[in-house]
Amino acid sequence: MSSPSSLPSPNQKIAPLTAKTNAQGHLEIGGCDVPALVTQYGSPLYIIDEVTLREACRQYRGAFLQHYPAESLVIFASKAWNMLAIDAIVHHEGLGIDVVSAGELYTAIRAGADSQNIYFHGNNKSLQDLEMALDYGVTIVADNWQDLNTLAQLAEDKEVHPRVMIRITPGIECHTHEYIRTGHLDSKFGFDPQDVPAVFEFLSKTPFIKAIGIHAHIGSQIFELTPHQDIGPVLVEWFAKGLAFGLEFSELNVGGGLGICYTEQDDPPSIDDWVQTVCDGVVEACREARVSLPKIIAEPGRSLVGSCGVTAYTVGATKVVPEVRTYISVDGGMSDNPRPITYQAHYTAVVANKMNHPDQVMVTVAGKHCESGDILLKDVALAPTEPGDILAVYGTGAYNYAMASNYNRIARPAAVLVKNGASQLVLQRESLEDLVRNDRLPLSLTHAGV
Ligand SMILES: Cc1ncc(COP(=O)(O)O)c(C=O)c1O
C-alpha cells in the first residue's frame, strides 16, 4: 500500500474541490470518508460538497463584478437541482433563483429565497402557476402569447403590476445535444423574432404589465464561447427596439449554458472566461447601439451545481461476456441519473474504497433497472471491484436528482451535504412506504371487496 503522501489524488479537473485520497486509501470529500458516509446514510447516496458549490457561486458573482461596469445579478437555474438546502446556499451566496414550476417556486420560497430575485420561466405556465407567481411577486419571463394574455388579465383583476421579461428565440446555434439546445429558431421556447414587434406593441398598450427587459438562453453543456459572444448583440438589438417602443426596459438576461468537465476529454471555458465573453459582447453592443448598460442577469445551472455532486453506489453482480466486456452492476442507475440513457452523457468514476489501486480493468457499469440502456459508464478503466465496493461517480450535481424517477419502483437516494469533516442529511432517502403513499386501492380491489 502506498504511503499517504504518495496516494494518487482524485482527478482535480473533474472531482469536487475538496476531494482527496485519505490515509485509508479512501475517497474523501468535504473531509468525510465516502465509504463511511455510505455506511452511515445508505446506498446509493448523493454527496454535495458545500465548498465547491459556494466557490462556483462566488466565481460567478466575482466575475460579473470584475467584467461588467453596471449592475448584475446571477440567478441559479434551479432546474439543475432544486432542493431546500441548495436553494438556501445559493441564496446565502447572494444569487437569485430561476424557477419553472409551482414546485420549484415553492421550494425556493420555503428555502428563504428573496422573491424579488426569483424569475419564473416555462413554455406552458398554467393559470395556477401565473397566479402563484403574481401572489409571491416574482418576475415572470413570458414565453408566448398565452402567458402575456393571461398575465394582462390577471394583473388587471388583481390590480398588480407584475415585472415581466420577454423570452426571445435568438436564432443562435450551438454544439450540444439536440435535446438541450434551445436558441435555434425551431425551438419550443420563447417568442419567434418575427412576433417581437407585435409583442412590444402589446406591452406598450398594457399598463398593468411592467415590461422590464428581454431574455434568451441558447442551450446547455456548451463549450464554445462564440455563441455566448453572439448573444449580446442579438439581445441588445431587441432591447433597443423595446426602448424605441417606449418600454422601460432595464434588464437583459443572457441565460445560462456553460458546460462542465465530466471526463478528462472535456475542456469547457472557465466561469471567468464565460462571464467576460458575455459582458464584453453586451458592453460593446450597447456602446454601438448608444444604449446605457442594463442590469445584466445570467442564469447558470449546471456550472453552479454539477461539480459539487458525487453519487456513491455499492457494487453488486458482475457479468463477464467473454471477449466482449465485463459488466459490473450497481444499486442505482437511470432512476437516480437519467442523463446517460437520455443524452448519452459520459461520466468519470472511481472505486472510493480502493483509491490507491491502479485502474487496471476495463468494465461497463450497469444500473439495476430493466432497460438494456441503463448503463452509467461504458468501457471505463477502474480498480478491480468486488461486491460491496463503493463506486463514486463525479459530476452528478446537475440534472441527476432533478430528473430522477421511481422507475421500477426504486426509491430515490438520500443526499448529504459535507463540509470540514461534518455531514448533514439534506434529503431523506425514500422509503417503500413513500413509494405507495399516493397510490389508492379502491375497495373493490381489496380482498374485502372481492
Ligand atoms: C431558460 C434556461 N435558463 C438556464 C438554464 C440553465 O442552463 P445550464 O444548466 O446549462 O447552465 C436552462 C437549462 O437548459 C434554461 O432552459
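Serine 72 has isoleucine 296 of strand 12 as its bridge partner. The model is predicted, with pLDDT of at least 70 needed for local features and pLDDT 80 or more for side-chain atom pairs, while totals for chains, interfaces and linings use all residues. Residue numbers start from 1 along each chain as its sequence is written.

**Exercise 1.** Determine how strand 5 is joined to strand 12 and to strand 6.

*Solution.* Step 1: strands are DSSP runs of E with at least two residues, helices are runs of H or I with at least four residues, and both are numbered from the N terminus. Two strands pair if DSSP finds at least two bridges between them. Step 2: strand 5 and strand 12 (residues 295-298) run parallel and are joined by three bridges. Step 3: strand 5 (residues 72-77) also runs parallel to strand 6 (residues 96-99), again with three bridges. In this pair, alanine 77 is opposite aspartate 98.

**Exercise 2.** In what order do the eight strands close into a barrel, and which helix packs on the sheet?

*Solution.* Step 1: the order is 5-6-7-8-9-10-11-12, with parallel pairing. Axes are lines fitted to C-alpha atoms, for helices over the stretch in contact, and angles between N-to-C directions run from 0 to 180 degrees. Step 3: the packing helix is helix 8 (residues 226-244), which touches strand 10 (210-215) and strand 11 (251-253). Contact here requires C-beta atoms, placed from the backbone, within 7 Å. The direction of helix 8 makes about 160 degrees with that of strand 10. Step 4: strand 11 is joined to strand 12 by three bridges in parallel, and asparagine 253 is opposite isoleucine 297.

**Exercise 3.** Describe the crossing of helix 2 and helix 9.

*Solution.* Step 1: the axes of helix 2 (residues 50-67) and helix 9 (residues 271-289) come within 9 Å, crossing at roughly 35 degrees. Step 3: helix 2 contributes Ala56, Gln59, Tyr60, Ala63, Phe64 and His67, and helix 9 contributes Ile271, Asp272, Val275, Gln276 and Cys279. Step 4: the contact has seven nonpolar, three polar and one charged residues. Nonpolar means Ala, Val, Leu, Ile, Met, Phe, Trp, Tyr, Cys and Pro; charged means Asp, Glu, Lys and Arg; the others, Gly among them, are polar.

**Exercise 4.** Which residues are closest to the ligand?

*Solution.* Step 1: the shell has 19 residues, each with its C-beta atom, placed from the backbone, within 6 Å. Step 2: the closest are Ala77, Ser220, Gly256, Gly301 and Arg302. Step 3: the classes are five nonpolar, 10 polar and four charged.

**Exercise 5.** Trace the partners of strand 13.

*Solution.* Step 1: strand 13 (residues 309-321) pairs antiparallel with strand 4 (residues 45-49) over four bridges. Step 2: strand 18 (residues 390-394) is another antiparallel partner, over five bridges. Step 3: strand 14 (residues 325-330) likewise pairs antiparallel with strand 13 over five bridges. Step 4: strands 13 and 14 form a hairpin with three residues between them, and glutamate 323 in the turn has a positive phi of about 60 degrees.

Definitions and conventions:
A crossing is left-handed if the near helix is turned anticlockwise from the far one by less than a right angle, and right-handed if clockwise. Two residues are in contact if their C-beta atoms, placed from the backbone, lie within 7 Å.
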